[in-house]
Amino acid sequence: MSDASLNSTVSTQPGDAGFGDFFALLKPRVMTLVVFTALVGLLAAPVGVHPVVGFAAILFIAVGGGASGALNMWWESDIDRIMKRTRKRPIPAGKIAEGEALGFGVALAGFSVVMLWLATNWVAAAILAFTIFFYVVIYTMWLKRWTPQNIVIGGAAGAFPPMIGWAAATGTVSIESVLMFSLVFMWTPPHFWALALFMKSDYHEAGVPMLTVTHGRKSTRKHILVYTVLLAVLAIGAAFTSIGGPIYLTVAVIYNAIFLKGAYDIWRRDEATAEADNYIVEKKVFKHSLYYLFALFTAILVQSTLASFGIGGW
Amino acid sequence: MSLSKQHELHKRRFSRNMGLGLVLAGFVALVFGLTVAKVSNEDFSVPTENGGQN
């Protein structure tokens, strides 16, 4: 085929996606959270790692997370075409074929696990492999379209990265890494339910059994409050463990107070009020929940850094 | 139509090829860096046939 005919007649075919289209399959925004929490897990560990090994570990954890995202987009391309929020993703937008996304995701998943094993240890690699399996098979293929508790159980997938980071440094799973896992695990439901409240038609039209669809919006508001209270107890309680300290406690008290106030405001509101102001409170709580996780993990990192100098703990 | 005019397809292919090239070059550099980091570790020793540790 000549260049002249290409210029005049050819439309995009499978195999013609650009680099950026493949990068978008990795869900780069979600990857930010994965990279950050894994980095905190790695740096907070009491065992030092060579900077190159640490960099490689975080990179392969990120690639593993990205592979999960690509496989998620491959499986969910049918509902991604329906939902406004996901309609511009590479597969529904027609930039990448489904088969390409599947091959890309599987290849990256295998590559990331093997490389993490070679760069660090088998414990970290095994948790990464389990995380990819959990996110793709347990959450995406099974839970998401089956139960309104999809976010609660599926949230575990997003909670593993700090545990993988910790294992990459230490080769073990310990109470500290389980605590970091628990923080993300408990944070996920109120974070996503706040999103579901102001993205209501999306999940409904796609037939995803989000709590808002199956139990109603009033019940979702109550769930957000209950889970935020449980999260606050866990997050503030963690201040008195080996990953905490006075700085973490201060940050945890401030950010949990704001989160609790937001969850209480969401619980008090009715649908008419929320619709009237275009879900301003729900959007605010969702935004705060993002800052919340970054703040708490930064505080854990600060505490561990100070602890390595023999200061900052209780 | 001019032959020199680039179709969007060419730009996409170029971006993919260039991106993949850079990723592969980065991977080579990373594996080299990992090798240096591992062999310069104090605990490192060359495996022997009679079961020595590495």
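How closely do the axes of helix 7 of chain A and helix 8 of chain A come together, and at roughly what angle do they cross?

Modeller: The model is a predicted one. The axes of helix 7 and helix 8 of chain A come within 8 Å, and they cross at roughly 160°. Because angles over 145 degrees count as roughly antiparallel, helix 7 of chain A is roughly antiparallel to helix 8 of chain A. The crossing in which helix 7 of chain A passes helix 8 of chain A is left-handed. On the side of helix 7 of chain A, the contact is made by A:T131, A:F134, A:Y135, A:Y139 and A:L143. Helix 8 of chain A contributes A:N150, A:I151, A:I153, A:G154, A:A156 and A:A157. Sorted by class, the residues of this contact are 8 nonpolar, 3 polar and no charged.

Helix 7 of chain A also packs against helix 4 of chain A, which spans residues 51-75. Here the axes come within 10 Å and cross at roughly 20°. The threshold for a roughly parallel pair is an angle under 35 degrees, and helix 4 of chain A is accordingly roughly parallel to helix 7 of chain A. This crossing is right-handed. From helix 4 of chain A, the residues in contact are A:F60, A:I61, A:G64, A:S68, A:G69, A:L71, A:N72, A:W74 and A:W75. They meet A:L128, A:I132, A:Y135, A:V136, A:T140 and A:M141 in helix 7 of chain A. The contact of helix 4 with helix 7 of chain A comprises 10 nonpolar, 5 polar and no charged residues. A:Y135 is listed in the contact with helix 4 of chain A, and A:Y135 is listed again in the contact with helix 8 of chain A.

Aromatic rings form a further part of the picture. Over all chains, the structure holds 16 aromatic pairs. One of them joins A:F130 and A:F160, whose ring centres are 5.7 Å apart and whose planes stand at 85°, so the pair is edge-to-face. The step from angle to name rests on a cut-off, because planes over 60 degrees apart count as edge-to-face. This pair links distant parts of the chain, 30 residues apart. A:F130 belongs to helix 7 of chain A (residues 122-143), while A:F160 sits in the loop between helix 8 (150-159) and helix 9 (161-170) of chain A. The two residues can also be described by their accessibility. A:F130 has a relative accessibility of 39% and counts as partly exposed, whereas A:F160, with a relative accessible area of 11%, is buried. Both residues belong to one aromatic cluster, which is formed by A:F130, A:F133, A:F134, A:F160, A:F181 and A:F185. Among these, A:F134 also takes part in the contact of helix 7 with helix 8 of chain A.

A second pair of rings lies elsewhere in the chain. The ring centres of A:F198 and A:F286 are 5.8 Å apart and their planes stand at 80°, so this pair is edge-to-face. A:F198 lies in helix 10 of chain A (residues 175-198) and A:F286 in helix 16 of chain A (residues 280-308), so the pair ties together parts that are 88 residues apart in sequence. A:F198 is buried at a relative accessible area of 19%, and A:F286 counts as buried at a relative accessibility of 19%.

Helix 10 of chain A has a packing partner in helix 13 of chain A, residues 217-237. Their axes come within 9 Å and cross at roughly 155°, and the two helices are therefore roughly antiparallel to each other. Helix 10 of chain A passes helix 13 of chain A in a left-handed crossing. Among the residues that meet are A:W187, A:P190 and A:W193 in helix 10 of chain A, and A:R217, A:R221 and A:Y227 in helix 13 of chain A. By class, this contact has 15 nonpolar, 4 polar and 2 charged residues.

The loop between helix 15 (271-276) and helix 16 of chain A holds A:N278, and A:Y279 is placed in the loop between those helices too. A:N278 is not a glycine, yet its phi is positive, near 60°. A:Y279 likewise has a positive phi of about 60° although it is not a glycine. A:Y279 counts as buried, at 5% relative accessibility.

Notes:
Residues are numbered from 1 along each chain as its sequence is written. Chains are lettered from A and ligands numbered from 1 in the order in which they are written. This is a predicted model: local features need pLDDT of at least 70, side-chain atom pairs count only at pLDDT 80 or more; totals for chains, interfaces and linings use all residues. Side-chain values use heavy atoms; hydrogens and water are left out. Rings of Phe, Tyr and Trp (its six-membered ring) pair if their centres lie within 6.5 Å; planes under 30 degrees apart count as stacked, over 60 as edge-to-face and the rest as tilted. Helices (H or I, at least four residues) and strands (E, at least two) are DSSP runs, numbered from the N terminus. Buried means under 20% relative accessible area, exposed over 50%, partly exposed in between (1.4 Å probe, protein chains only). Axes are lines fitted to C-alpha atoms, for helices over the stretch in contact, and angles run from 0 to 180 degrees between N-to-C directions. Angles under 35 degrees count as roughly parallel, over 145 as roughly antiparallel, 65 to 115 as roughly perpendicular and the rest as oblique. A crossing is left-handed if the near helix is turned anticlockwise from the far one by less than a right angle, and right-handed if clockwise. Contact means heavy atoms within 4.5 Å. Ala, Val, Leu, Ile, Met, Phe, Trp, Tyr, Cys and Pro count as nonpolar, Asp, Glu, Lys and Arg as charged, and the others, Gly among them, as polar.
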